[in-house]
Amino acid sequence: MDNQFSSFGSALTPQPQLQTPLLSPAMAFNPVLPPSAASLYPATPNPGGPMTPYSPATPASEGSGIRPQLQNIVCTVNLSCKLDLKTIALRARNAEYNPKRFAAVIMRIRDPRTTALIFSSGKMVCTGAKSEDLAKLAARKYARIVQKLGFPAKFLDFKIQNMVGSCDVKFPIRLEGLVLTHGQFSSYEPELFPGLIYRMVKPRIVLLIFVSGKVVLTGAKVRAEIYEAFENIYPILKGFRKQ
Amino acid sequence: MPEKCLSCGECAVIEEEVDGGRVQRICVECGTVASGVRPEIALHSNTVKIECVPFLNVKKEEQACESCGDFLQLSFHSGVNLCAECQELESGVADDVERLASTQSDKQQVSQPSSSLKTCNSCHSSNLGMDVCGADERLVCRDCGTVAENEALTNDDFEVTSRTYRNSFMTLPKHSRPTTILKGRAAGHDKITFIYNKLCFPEIIRDEALEMFNTVFEKPGVYFTHITTKEHIAAACVFIVCRQHDMPVSLQHFRKYVEKYKIFLKGRKIVMKTLNINHPSITMCSQVELVLANCAFNRAIISKVKDILFLCRKAWLTQGRSRQGLIIIAAYYAFISSMSFVSMTKFRQMFKFPNISMLLQSECSSLFLKLARSIPWVVAKHIKPTTVYKYVDDILQYQNSLLQLAFRSDGEVSSNVDLTIPETENELDTTPKRKKRCKNARHGTAVNKDVLLPSALKKPRQEVFRPETKISPMVNLDSPVVLASEFDEAEMASYLLSPEEEALLRTPKLTFMQ
């Protein structure tokens, strides 16, 4: 992609490609495609033609072959009973409670390796699990621990609030080029954070893209959103691969 | 002759003088206070007629305005609980003043306490309206602007406790605001003006920043914040407007003019989230002039700085790194290659540059050393960090060839980097970078050849192996009831303190909680 940018010595700022805000990020940039796949991908963006608004028409057969791994799941559950946090903190081995700092007990279990925030209203937040089932299992274990402490805890309204995944595209990425062509969706402030923050519209996922090729995807409610977001971004990243 | 009482039917209604000198008609037999309707009218009809205002044909009920407490007449089905003046203030429709005044005057004759001052003393206009300033209400002539006499006190005939004010419910106007919030707006404006003056921005930047701040000021996320936060939000507005105008300002430039940099960054996020905007990023090239503004470098040196940055970009040293640091390093090499050799420390002192990352500095230095040693007509062993400056021009002139010569195997290695499996044992040791580089230079390992990769790719990360958690078939994950049989009791018991441990730890835990 070096030929896309002018030399620094000529003092020219690389010109970003024009992009329509409502278009899918992939549609705003035409990646280099193998000839055999040319018919499977949409043609070069035609301003007058119909466009898919938020996601590119990426055929399943042309997938990246890389599956993001889930790293963290945040879920909530209602234990449906009022809790005495002081009692929990005094009798549980793995609990922290500092009411001056935070109005919840912080409890941890070893398997699954998770952390829970237990509030006096009976609501609980559980983080750290690597899959949906493990998140549910961990939440049930916390509920059981609370039961053993003498409270009539139940397990109601379990809901996954956020899922975080990560993967590696195995090649370095030119972040400056990506932010110039996809400035509508990207934010790149190396003084603040070394990665590029890409806010995908559909699915509504935030991606952290690093120069090493590592990608972190967050903001998903279901696993499929993470997979879909990565399949959307992969062709764009391939376009900014070092050649 | 006593009049007939409408309540008990006895002719026992007499006129008596009550407190305050008033005369009231009271029935002696039952004590009923006779109504204001004259008995001769009541004799002709059994029901007491309610005097209706001719232009209102609906049943009225008196109610107090939620804002100022004035009496107001509402229609039976009216859902409005504000008087017309407060409604006008709510909607901000200045053009309806005359209409409201005309309708209000009719209503005031029926229900509201009458004002003794109906015309302006100055221009004798009857176009009077209430002006709210803080918690103070004043009657103001809308034609000439004269503040009329204070109409707050409308009836001073009685004792102190029974005085009636215009605001008979004695409630605060809805639009009265504490002065601290107004100070926040003023502080934000002052901050914008301060930054505008200091950084000499165009006037349009200041105007747009003020407009942006006024817009975001009314939002709940900003309105109730501390005055210091509001100042930093105002500074963030200036930054965002500058970026929207493609001015290559960086966050570091604003660091000097804000008291708390973290709050400034937080303010930037608040503004972007509240207004749902995103400011464009800037290229490193565009920041060169800004960073080197106070150095008085000539055009040739500036051009060389940009060439060096381009070279560093090819070597993957610029992505995700501090731009200011890179520009300073590039300026250093451009300076020493054009002028005379000075150390980096002295160079920074000369031009008052801030500290830069040692890691970045060493990576750039090693790149130049590597490229200089690849120059065919140069003896490699003669090239040292203190003499590499002599070859900067040659490096820039023949950079593509030198990159090929120096990193011949880079094209093979970089495309097939497997980060999960380390290639040699050397990649896992923790020796300092300088020693490791020297060691690898002697042994010529694969790590040494991968200089043209981002630094994050040079050290493969070791994955931590965690045993997979198995879910017992006894566990029904979807059941709302958690049974004791779902989990191993021994495991659950391990998370609880024994009675002895509990007694031992009770006191320190209680102390910690307090």
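The model is predicted, so local features need pLDDT of at least 70 and side-chain atom pairs pLDDT 80 or more, whereas totals for chains, interfaces and linings use all residues. Residues are numbered from 1 along each chain, chains are lettered from A in the order in which they are written, and side-chain values use heavy atoms, without hydrogens and water.

**Exercise 1.** Find how many helices and strands chain A has, and in which pattern they follow one another.

*Solution.* Begin with the definition: helices (H or I, at least four residues) and strands (E, at least two) are DSSP runs, numbered from the N terminus. Counted in this way, chain A has four helices and ten strands. Next, read along the sequence, where the pattern is β-α-β-β-β-β-α-β-α-β-β-β-β-α. Finally, consider burial, where buried means under 20% relative accessible area, with a 1.4 Å probe and protein chains only; of the 243 residues of chain A, 50% count as buried.

**Exercise 2.** Determine which residues of α10(B) are buried, and what covers them.

*Solution.* First locate the helix, which spans residues 284-291 of chain B. Six of its eight residues are buried, so that α10(B) is mostly covered, and these six are M284(B), C285(B), S286(B), Q287(B), V288(B) and V291(B). Then look for the cover, which includes α3 (175-181) of chain A as well as α11 (299-314) and α12 of chain B.

**Exercise 3.** Describe how α10(B) packs against α12(B).

*Solution.* Using axes that are lines fitted to C-alpha atoms over the stretch in contact, with angles from 0 to 180 degrees between N-to-C directions, we find an angle of about 70 degrees and axes 10 Å apart. The two helices are therefore roughly perpendicular to each other, a term that covers 65 to 115 degrees. The contact, meaning heavy atoms within 4.5 Å, is made by M284(B), Q287(B), V288(B) and V291(B) of α10(B) and by R323(B), Q324(B), L326(B), I327(B) and I328(B) of α12(B). Sorted by class, this contact of α10(B) with α12(B) has six nonpolar, two polar and one charged residues, where Ala, Val, Leu, Ile, Met, Phe, Trp, Tyr, Cys and Pro count as nonpolar, Asp, Glu, Lys and Arg as charged, and the others, Gly among them, as polar.

**Exercise 4.** Identify the residues through which α10(B) meets α11(B).

*Solution.* The angle between α10(B) and α11(B) is about 140 degrees, with their axes 10 Å apart. M284(B), C285(B), V288(B) and E289(B) in α10(B) meet I302(B), V305(B), K306(B) and L309(B) in α11(B).

Methods. Parallel < 35°, antiparallel > 145°, perpendicular 65-115°, else oblique.
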